[in-house]
Amino acid sequence: MEATLAQCEEVLGDTHPDTLSSRNHLAGAYLELEDLERALPLSEVTLAQREEVLGDTHPDTFISRSNLANAYLVAGDVGRAVSLLEVTLAQREEVLGDTHPATLVSRSNLAGAYLNAADLDRAIPLFEVTLAQRERVLGDTHPSTLLSRRSLELARQVMAAAQSAEPPTSATDNSPQGAA
C-alpha cells in the first residue's frame with residue numbers, strides 16, 4: 001500500500017481522487033495494525049484534502065471523516081470522534097436522506113461512540129431509531145439489522161449495570177456515608 005500510494009502521488013499527483021483513495025486505504029491499514037502514529041496524521045491529511053478537492057459532502061469525504069473518527073476512538077479521543085460523527089450524520093441525512101443505508105451506518109456509528117463515551121441517554125435512543133429504520137428499510141433479518149439489535153441490547157445491558165451499581169439514595173438520610 002505504501003508503494004501504491006507513492007506511485008499514485010508520482011503519477012497522478014498529491015490530490016488526485018485515486019491518490020486520496022490510496023492514502024485513505026493506507027491509513028486504514030495502519031489503524032488495523034494499531035499504528036496510531038501513522039494512521040492519525042494520514043487520516044487527518046486525507047480528510048483535509050478530500051474536503052478541499054471533493055467538497056464537504058462528497059461520499060468519499062464522508063468515508064474519510066468516519067475513518068478519522070474511528071481512529072480517534074481507537075486512540076481514546078472520544079470527544080473528537082463524536083464531533084466528527086455528528087457532522088457526518090447530519091450531512092448524510094441532508095444529502096442522502098434519513099434512511100439511506102450510509103446514513104444508517106453513520107447513525108449506528110454515532111450511537112456506538114456515545115456508548116463508548118458512556119453517554120447512554122443519547123446512545124440508546126439513537127440505537128432505537130437506527131434499529132427501527134433498519135427493520136423498515138432492510139428487513140428484520142438483514143445483517144445490519146441484527147447488528148443494530150445486538151448493539152441496542154448491549155447498550156441497555158450497560159444502562160442496567162450502571163443503574164444497579166449506583167448506591168441507593170434516600171431523601172431522609174442526610175448522614176455522611178460510612179457513618180454508623
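Helices are here the DSSP runs of type H or I that hold at least four residues, numbered from the N terminus. In this predicted model, the helix called α4 is followed directly by G76, a residue that adopts a positive phi of about 90 degrees.

Helix α4 itself has 17 residues, and the distance from its first C-alpha to its last is 24 Å, close to the 24 Å expected at 1.5 Å a residue. Its buried residues are T61, F62, S64, R65, S66, L68, A69, A71 and Y72, and the elements that cover them include α2, α3 and α5. An α-helix has 3.6 residues a turn, so residues three or four places apart point the same way.

Among the buried residues of α4, S64 may be considered in detail. S64 has a relative accessibility of 1% and therefore counts as buried, the cut-off for that class being under 20% relative accessible area. The side chain of S64 is joined to that of R50 by a polar contact of 2.8 Å. When neighbours within four places in sequence are left aside, S64 is in contact with N24, T46 and L47 as well as with R50.

Helix α2, which spans residues 17-32, contains D18. With a relative accessible area of 45%, D18 is partly exposed, because this class lies between the 20% limit for buried residues and the 50% limit for exposed ones. Residues up to four places away in sequence not being counted, D18 touches C8 and L12. The C-alpha atom of D18 is separated by 9.1 Å from that of L5, although these two residues are 13 residues apart along the chain.

Helix α8, covering residues 143-165, has 23 residues, which should span 33 Å at 1.5 Å a residue; the end C-alpha atoms are 33 Å apart, so the two values agree. The buried residues of α8 are T145, S148, S151, L152, A155 and M159, and what covers them includes α6 (101-116) and α7 (120-138).

The largest nonpolar core of the model comprises 33 residues, within which L110 and F127 have the most contacts. At least two residues of this core are supplied by each of α2, α3 (36-54), α4, α5 (78-96), α6, α7 and α8. Apart from its neighbours within four places in sequence, F127 is in contact with S108, A111, G112 and L115, and also with S151, L152 and A155; S151, L152 and A155 are among the buried residues of α8.

Terms used
Residues are numbered from 1 along each chain as its sequence is written. This is a predicted model: local features need pLDDT of at least 70, side-chain atom pairs count only at pLDDT 80 or more; totals for chains, interfaces and linings use all residues. Side-chain values use heavy atoms; hydrogens and water are left out. Buried means under 20% relative accessible area, exposed over 50%, partly exposed in between (1.4 Å probe, protein chains only). Contact means heavy atoms within 4.5 Å. The expected span of a helix is 1.5 Å times one less than its number of residues. A polar contact is a pair of N or O atoms within 3.5 Å; within protein, one must be able to donate a hydrogen and the other to accept it, and residues adjacent in sequence count only if both atoms are side-chain atoms. A nonpolar core is a set of buried Ala, Val, Leu, Ile, Met, Phe, Trp, Tyr and Cys residues joined through side-chain atoms within 4.5 Å.
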